[in-house]
Amino acid sequence: MSNKQPQLKRGLESRHIALMSLGAAIGVGLFLGSAGAIKIAGPAVLLTYAMGGLVIFFVMRALGEIAVEIPVAGSFSRYAQQFLGPLAGFITGWNYWFLWIVTCMAEITAVGIYMTLWFPDSPKWAWALAALVAMTLVNLIAAKVFGEFEFWFAFIKVFAIIAMIVIGLAVILFGIGNGGVATGFSNLWSHGGFMPNGFSGVIGALPIVMFAYLGVEMIGVTAGEANNPKKTLPKAINTVLWRVLIFYIGALTVILSIYPWSDMDGQSSPFVMMFDQVGIRYAAGIINFVVLTAALSSCNSGIFSTGRMLFNLAGQKQAPKIFHNVGKTGVPTVAILFSAIVLLIGVVLNYFVDEKVFIYLTSVSTFGAIWTWLIILFAQIKFRKTLTGDQVNKLSFKNIFYPLGSYFAIAFLFMVVVLMYFNVDTRIALIVGPIWIALLIFFYFVVYKKQKNQGDSF
């Protein structure tokens, strides 16, 4: 009998990972979620996105240092296992699986909501089911097919934002679409000042803004299937900071310059409002298509991530070994199918649960993401301490500003967790998140450790 371990097929090319990393940082959190953040911070929300983006850059550089040296499926869960201990690996892996399950449930429900704009009499659950089935099939075919779909999903989002920035600058500088009257940038400070709610507003918007960055760490999960991780991962990670500057801060600067922040209701998409402002017809339909793409992209990425995380957990004997099977197409078929079956709960919930619950679940995802980012930072610090001076010098992709950058990011993320208490929509995450972590700890010691000590299979 062969003792060869199942291996995922490396089918993700450089362009796939580059666009996936770009698309991961651009989602519903920008297209819709930015409205709530603007309401809290005003134009100074630009500072909030910049602060959050800088911290995420530190997180990604920390992840990149390890991922380039140890490019494995499961990424940070495996690193937590190796450098922080089996309990940390167990919690991180299952927590990441859970946060993407929750996020995907919200996203497939969002697909149903978006489709009713065009088909108002159709049932939302049917569209949610169709999205789940389609994205599951994409993930089952091959990693390259997943990468191809994610490439085009990301391309649509990026194209929409670039078009919005170009059109917006034409209005701001030349008055095109505004009767020839250039609007300029005065709206950034003319309605109560640039920081109308003070620095407390800038800080208060952080829990909402950080949700927008959820998923960027997925670049690390692709390491096990990247054709040339030593080349593709550094390139993708290094562009995170300028992406944030252009696509978040650039886009919102244009929107806030054209449309007074005080006129925003905190519910409607700032993108729709801006397109309406410059007289573009069917603005709602255009943005609805882009946001629909963003939701499908998130679901697609979520199924990819949950499948790989279960595959990794099974490889570490922290999940049923059946999840460590690899299909003929080189993907973890059983793990993907199991995640998809669990996601059917999201379709069923459309019958019984108020939509507000999904907002709460999404805030729980943010808590899970912060846990993941903290684990990445702690694992990188521990990884660096295991190396000799000569080994540090030979690192292919050394973390910059180490260790100050890592410690600053850790302190910042703990601050965001505290701030979640002061936001009504995110406060529930401080209840559900710790309960979920406590359940994982209980399961680890009572079930997993007991079976391991007895020599039984998980």
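**A chat about a predicted model**

Visitor: Where does Pro403 lie?

Guide: Pro403 is in the loop between α18 (389-393) and α19 (404-419). Those helices, like strands, are DSSP runs numbered from the N terminus; a helix (H or I) needs at least four residues and a strand (E) at least two. Residues are numbered from 1 along each chain as its sequence is written, and side-chain values use heavy atoms, with hydrogens and water left out. The model is predicted: local features need pLDDT of at least 70, side-chain atom pairs count only at pLDDT 80 or more, and totals for chains, interfaces and linings use all residues.

Visitor: What kind of peptide bond joins Tyr402 and Pro403?

Guide: A cis one, with omega at about 0°.

Visitor: And what is phi of Phe401?

Guide: Near 55°, which is a positive value in a residue other than glycine. Phe401 also lies in the loop between α18 and α19.

Visitor: Is Phe401 buried or exposed?

Guide: Phe401 is exposed, at 57% relative accessible area. The scale runs like this: buried is under 20%, exposed is over 50%, and partly exposed is in between, using a 1.4 Å probe and protein chains only.

Visitor: Stepping back, how many helices and strands does the protein have?

Guide: There are 21 helices and zero strands.

Visitor: What percentage of the residues is buried?

Guide: Of the 458 residues, 57% are buried. The protein exposes about 18300 Å², and 69% of that comes from carbon and sulfur atoms. Accessible areas are from the Shrake-Rupley method with a 1.4 Å probe; for residues, only the protein chains shown count as cover.

Visitor: What share of the contacts is between residues 24 or more positions apart?

Guide: It is 81% of the contacts with a separation of 6 or more. A contact here means heavy atoms within 4.5 Å.

Visitor: How many salt bridges does the structure hold?

Guide: Two. A salt bridge is a side-chain nitrogen of Lys or Arg within 4 Å of a carboxyl oxygen of Asp or Glu. In one of them, Glu65 pairs with Arg384, and the closest N and O atoms are 2.6 Å apart. This pair links distant parts of the chain, 319 residues apart: Glu65 is in helix α4 (residues 45-69) and Arg384 is in helix α17 (residues 356-385).

Visitor: Are Glu65 and Arg384 buried or exposed?

Guide: Both Glu65 and Arg384 are buried.

Visitor: Which residue forms a salt bridge with Lys394?

Guide: Asp390, with the closest N and O atoms 3.3 Å apart. Lys394 counts as exposed at 61% relative accessibility, while Asp390 is partly exposed at 46%.

Visitor: Which residues make the nonpolar surface patch?

Guide: Leu47, Leu169, Leu173, Phe174, Ile176, Phe185, Trp189, Phe194, Met195 and Phe199 make a patch of about 960 Å². Patches take residues with over 30% relative accessible area and no salt bridge; like charges are joined within 9 Å, and nonpolar side chains (Val, Leu, Ile, Met, Phe, Trp, Tyr) within 5 Å. Helix α8 (residues 143-174) gives the largest share, three residues. Leu173 is found in helix α8 and is partly exposed, at 48%.

Visitor: Where does Asn197 lie?

Guide: In the loop between α8 and α9 (198-204). Asn197 is partly exposed, at 34% relative accessible area.

Visitor: What is Asn197 in contact with?

Guide: Leaving aside neighbours within four places in sequence, Asn197 is in contact with Lys39, Ile40, Ala41 and Trp261. The C-alpha atoms of Asn197 and Ala41 are separated by 6.0 Å, although the two residues are 156 residues apart along the chain. The Asn197 side chain also reaches the backbone oxygen of Ile40 at 2.6 Å.

Key. Polar contact = N/O pair within 3.5 Å; in protein donor to acceptor, adjacent residues only side chain to side chain.
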